[in-house]
Amino acid sequence: MFFKRRRPANDAPTAPPAVPAHVVSAGVASGLAGDAEHLLRRLEWTVMRRLDGLLQGNYRTLMRGTGLDLADLREYQLHDDVRHIDWNVTARLGQPHVRVFTEDREMSAWFLLDLSPSVDFGSSERRKRDVSAGFVATLARLLTRHGNRVGAMLYGSGLDTVIPPGTSRRHVLHLLHALRRPPTAEGQATRLRDLLHGGASLMKRRSTIFVVSDFISEPGWEQAMAQLAQRHEVVAVRLVDPLEMDLPDLGLIPIRDAETGEQLMVDTQDPGFRRRFARLAAEREAALRTTLADAGVDTLELSTDDDLADALLRFIDLRRRRTRQGAVGRPAHLRVA
């Protein structure tokens, strides 16, 4: 059961009108565009100045591009792309060997964005949706400033919007504008596999893909994630909130499932209930981390109380170490709290 933060009655905002995900009225669109511009300017001053230059070098990139220069041969390791196996060397040496290429800096990046109702939850001033918007805006702007192309696929009540890749600042604003639209209506569980299948069918060329979600979804997405990672370089960006892991003593409170709208009363004053809640949350956490690692993807966790710049700096450092070591092996999981 996941929650939606309740505001005091005297602070309750007017609910936005229900509109389809691809339609926004002119007045709302104007306001959202202004919000997007304000957010991007703030991120450019507070976050991007600390990160600029860390993702890209003169000739090599942190993420895989489309370079074709053969750099080395090495023995095949688990999760290596089988398309890079050098069959002539393999036949001569009797052990599978793969070709290692020097990647150039040009790349195509896609953001697969989960905007389902559970992403609108936040126990503090920031919601998971706000964290997602900050991450996408920062990384997209950093990549496009170096000539890389970024696109996005948005999932709300379904696979609602596809934004083709572009390279301009205006394109990043368009992406951010779409991400900050009013949330979709509740009433159905998230089917993350639909988003992943959509990405696999659309992206024919090898790309870097960021799957940004809280991974609160119906089962069945695990195989789709593994299949996507076989063809592309995939990074799972998991959105989390501290309240989802540790429930404080708040007395008798109503809670509501942010996905389906189901409500019930729980007694958070009961220590036994809080322990069971923490145990189940820890079990789900461990199972999710194992699933993402088995799928062959690196994972970055972003909490609603994280500092975005620090989180990205640590993740960049982790990726650089893995690139220098030439390690594909076991995917990395980075918890930035």
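**Strand 6**

I started with the side chains of strand 6: Thr208, Phe210 and Val212 point one way, Ile209, Val211 and Ser213 point the other way, and all are buried. Buried here means under 20% relative accessible area, with a 1.4 Å probe and protein chains only. In a regular strand the side chains alternate between the two faces of the sheet.

I noted that this is a predicted model, where local features need pLDDT of at least 70, side-chain atom pairs count only at pLDDT 80 or more, and totals for chains, interfaces and linings use all residues. Residues are numbered from 1 along each chain as its sequence is written, and side-chain values use heavy atoms, leaving out hydrogens and water. Helices (H or I, at least four residues) and strands (E, at least two) are DSSP runs, numbered from the N terminus.

**Its neighbours**

Next I looked up the pairing, which needs at least two DSSP bridges between two strands. Strand 3 (residues 108-114) runs parallel to strand 6, joined by five bridges; Trp110 has Ile209 as its bridge partner in strand 6. Strand 7 (residues 233-240) is also parallel to strand 6, over six bridges, and Ser213 finds its partner there in Arg238.

**Helix 4**

Which residues of helix 4 are buried? I found His171, Val172, Leu173, Leu175, Leu176, His177, Ala178 and Leu179. Eight of the eleven residues of helix 4 (residues 169-179) are buried, so the rest of the structure largely encloses this helix.

Key. Buried < 20%, exposed > 50% of the residue type's maximum accessible area, 1.4 Å probe, protein only.
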